[in-house]
Amino acid sequence: MEGGQPSSPDLFLDIPFAKRWEKHKNTIRGLYIDEGKSVEEVADIMKHQYQFDANVRQYKYHFKKWDTPKSVSSAVKDQAIQILGKRARDGASSRGIRYKGVEIDKKKLRRHIDDQQRNTDFKMITSVFGRWNVPYQVLKATSNHLTPGASNFSTPSDYSVFSPPVTRDHPTPSNAHSPADAPTPTVRAIQLRTHRDRSRYLLEGQIDELLNGMPSSDKMVVTTWLHQFWMFSFTTVKHWGKGPPKWTADLLRMTEFRELASLPGTPATFNGSSAPSPSGNARNQYGAGLGGHHHDVPLPSPLCRWCIHVNEPEYEGLASPPPPEGVEYDVQDPDNWPRWAEAPCTVMDRLHDALEDNSFSSISTQDLPLSTAVIATAAAGSPKEMTVEVLSFAIMARNADVIDSLIDTINHENLDLSSIYPYHLAASHLDGSSVCCEIFYYLMGLVKQNVIRRLYVNDLGHTVLDSLMLTILKGHTSCTPTMIDERLKTMTRFPGEDMDICGRWDADSTCLRALNACGSPKIPSSWKHMFCHTAVQAICHVIHQIFSRDHAPTINTPSGLFNKTCFTCGDGLVPGPIHTLVLTAFSLAQNGCEGENLFGMLACLVCLLVNGADPAEKANLSINALLGTNEQQECTHQLLDPLELGEKVPSAAWDAWTEEAKVGWECLMAILRFVHPERARRSSVPDSSQDGYNAYFDYSEFPSPRNGQPDAEDSDMEDDDACSHDRTSQEFCANWRQLGVLWSAIQTELLSYRQLREGDPWLSDNFDLTVVRDGANAGVGFSSLPLVDRKMMRPACSCGRFEVPKDLGIATTDDACAFYFSNMEDWKRSTFRPA
């Protein structure tokens, strides 16, 4: 071809005119689509340059026949971008893409991407950041999102990608890497579009869409970055008000706890060292694959910390002076951090600033296959959603002051908290070593639309009381989630398992972060110990906070744990709250830690009874189904009350239990047997006959039982022992002095004793489980308990509550003990909170 004219063979003049349409098809479509010529212009060019003379009508007919649109639709462009993006992520280069045989203009693709970026204003849902509490290796072991699998994406038949010429594998002077190998403007625009789309998936909570289309390397980077932001947010909120005003990647030691799989630009080490394992299939002591490296995981302390409630004197507070400028303090010693004179900003502003400057992460924004700008902008434009995020982190980090500061805003704005279920979240992160029940005290202030009643049952069907039972099982047994609820079969860790209720480890502790770096999917059983006084006190105090309020939920709401279905008739087998407590006690006896004596479950049972739980409520249950031995072809379920359920413990299980567990179980059964007659009696007594009686009584005047007879104070007691507490006065067990004696003794034991050294008894000499068992079985009550017999307790109400005219309604040692006999003077292990 000379002078811009096609050569004679390109004119196809030797072919009949009608057949020349197909020969000139690509040329005609190129002029019309790629160069944007009008039909008239195409006809003129073809006539004068290709000697192909056809009218406009004929061209329109063939354009329609060839399915050749004048413009490419947005849907076609979106699909083309997805195809090219997939090839770019897979490392395949592309020179262009055709739709129905016609190349799509790259400039149009880039313009389309730019238009979308300008016109998009993303908003975030709630609970975007609070779910990333574990790093990549742990998430990979526990989530279906990160399991490898073949992509289900394939290029549609209407599209075809054409690639540049293939060069030789080994670089030579002629094909060595050069700036020309850098991504083209189109590829770069598509990468930015992919990052934006992924950010949108994250903000909208579409985790499947976010992760399933990613290569493993991108999944690792994204989930690690999100976990680092979770760790930053958790640490920031946990220590808000003291210590570093801004946590950075260095302060958070982000590079110290590197996972076994390397991230961009960083080695896979822990504490600066790594050692090869003998085999790629080797596993560490926690069951995690070593993958060629070994991490030494420090052990948590075996000894509990504890919270001591105290009666604060009234005083006029003064603002703390600002800490001296330039004074350095140990970042790893929070007990000695100075408190701020005032906060430099709000918690929400601090989290937003971190998203903008990325100072919390060891991963550069250039290495991140997300758009931090999109995420930060969306967070800034979603103040209500970010308020809920801050609340969720404050609950997980147990910062009662931050929660208190948010309550009025949440009530005023009427914010929807259903995405985080705050009471379940608080139960899962219960901290008996520090704040005890104080988080629940503030959360019960969410009175607008009665949040506790609306959200008492979560999306899994679990009540808040169920979450407390899960907290007991996660911290003190080797049970897995699926053993308790078959709906949790995809979980290997219980909710909140990254912190210990006794204060021995937390999400930011060195031991847990090192364990996570190993990829261990669960907390080792060797880290746990029996259901101890610190945990028991926290559980009982929370039960009191929930069910002693006028706006309390119904305590006898059916449980969502241990639910089964009869395969014969299809009936749902749903236990009540006391049934679930019995089954939780069974799990502790069966799978609990060394020394388990079930005192904690006795305390929880009595606490529930004095708050109105019904010990005689029957539920349709199958022992075979609960034990996983239901192989019969007929229904095996029957109506059982908690006592009848507990009496059906298989002999094989009973024989394997320790003597301590057997005594504790006998106590539980004895108490259930003991309260049945009283329940029947009080159910027949009109409520009005129990009103208005002040039933406080003095334990110093309480006589011991004589000759196996009931306590003198109860022998002729009819209906004159009504409780003086408004809510509990209507509950059949709440105002029974017999049970009140036991409850006040349990509280006093919890307030005055802890195991101080390994090997010390878990229960003090002042409380004897055999006395409880024998007194209940004989029907004589509990005045032979050392705490009662030795007159060691102050006056208490007939419901067992001590006289506590304070906000939390929690008894202190001064309220309960007639004289000081506590052994909890180890101040380094103590945290003092107002009662």
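## Starting at Glu-666

Glu-666 counts as partly exposed, at 29% relative accessibility. On this scale, buried means under 20% relative accessible area, exposed means over 50%, and partly exposed lies in between, computed with a 1.4 Å probe and protein chains only. The side chain of Glu-666 meets that of Arg-773 in a salt bridge, at 2.8 Å from N to O. This pair links distant parts of the chain: Glu-666 sits in helix H28 and Arg-773 in helix H31 (residues 769-778), 107 residues apart. Arg-773 is buried, with a relative accessible area of 19%.

A word on the source: this is a predicted model, in which local features need pLDDT of at least 70 and side-chain atom pairs count only at pLDDT 80 or more, while totals for chains, interfaces and linings use all residues. Residues are numbered from 1 along each chain as its sequence is written, and side-chain values use heavy atoms, with hydrogens and water left out.

## The whole protein

Now for a wider view. Of the 835 residues of the protein, 53% count as buried. The protein has 33 helices and nine strands; these are DSSP runs numbered from the N terminus, with helices (H or I) of at least four residues and strands (E) of at least two.

Contacts, meaning heavy atoms within 4.5 Å, also say something about the fold. Among contacts with a separation of 6 or more, 76% come from residues 24 or more positions apart.

## More salt bridges

How many salt bridges does the structure hold? There are 24 of them, each a side-chain nitrogen of Lys or Arg within 4 Å of a carboxyl oxygen of Asp or Glu. One of them joins Lys-662 and Glu-659, at 3.6 Å from N to O. Both residues lie in helix H28 (residues 659-683), three residues apart, or about one turn of the helix. An α-helix has 3.6 residues a turn, so residues three or four places apart point the same way.

Another salt bridge is formed by Arg-757 and Asp-760, whose closest N and O atoms are 3.4 Å apart. Here Arg-757 is exposed, with a relative accessible area of 52%. Elsewhere, a network of salt bridges links Lys-238, Arg-398, Asp-431, Asp-506 and Asp-508.

The expected span of a helix is 1.5 Å times one less than its number of residues. Buried residues in H9 include Thr-186, Ile-190, Arg-193, Asp-197 and Leu-203. After H9 comes Gly-205, whose phi is positive, near 75°.

Helix H19 (residues 464-476) has 13 residues that should span 18 Å, and its end C-alpha atoms are 19 Å apart, which agrees. Is H19 enclosed or open to the outside? Of its 13 residues, 13 are buried, so H19 is largely enclosed by the rest of the structure.

## Arg-487 in a loop

Arg-487 lies in the loop between helix H20 (481-484) and helix H21 (510-517). Arg-487 is partly exposed, with a relative accessible area of 42%. Leaving aside residues up to four places away in sequence, Arg-487 touches Leu-460, Gly-461, His-462, Gly-560 and Asn-563.

The side chain of Arg-487 reaches the backbone oxygen of Leu-460 at 2.6 Å. From C-alpha to C-alpha, Arg-487 and Leu-561 are 9.5 Å apart in space, although 74 residues apart in sequence.

## Cores and cysteines

A nonpolar core is a set of buried Ala, Val, Leu, Ile, Met, Phe, Trp, Tyr and Cys residues joined through side-chain atoms within 4.5 Å. The largest has 182 residues, and those with the most contacts inside it are Met-601, Trp-665, Ile-671, Ile-746 and Phe-767. A second, separate core of 17 residues includes Trp-21, Ile-33, Val-39 and Phe-63. Back at Ile-746, the residues touched include Phe-599, Leu-602 and Phe-767, not counting residues up to four places away in sequence.

A search of the whole structure finds zero disulfides, a disulfide being a pair of cysteine sulfur atoms within 2.5 Å. For Cys-604, the nearest cysteine sulfur is that of Cys-540, 4.4 Å away. Cys-604 counts as buried at 0% relative accessibility, and Cys-799 is buried as well, with a relative accessible area of 1%.

Technical notes:
A polar contact is a pair of N or O atoms within 3.5 Å; within protein, one must be able to donate a hydrogen and the other to accept it, and residues adjacent in sequence count only if both atoms are side-chain atoms.
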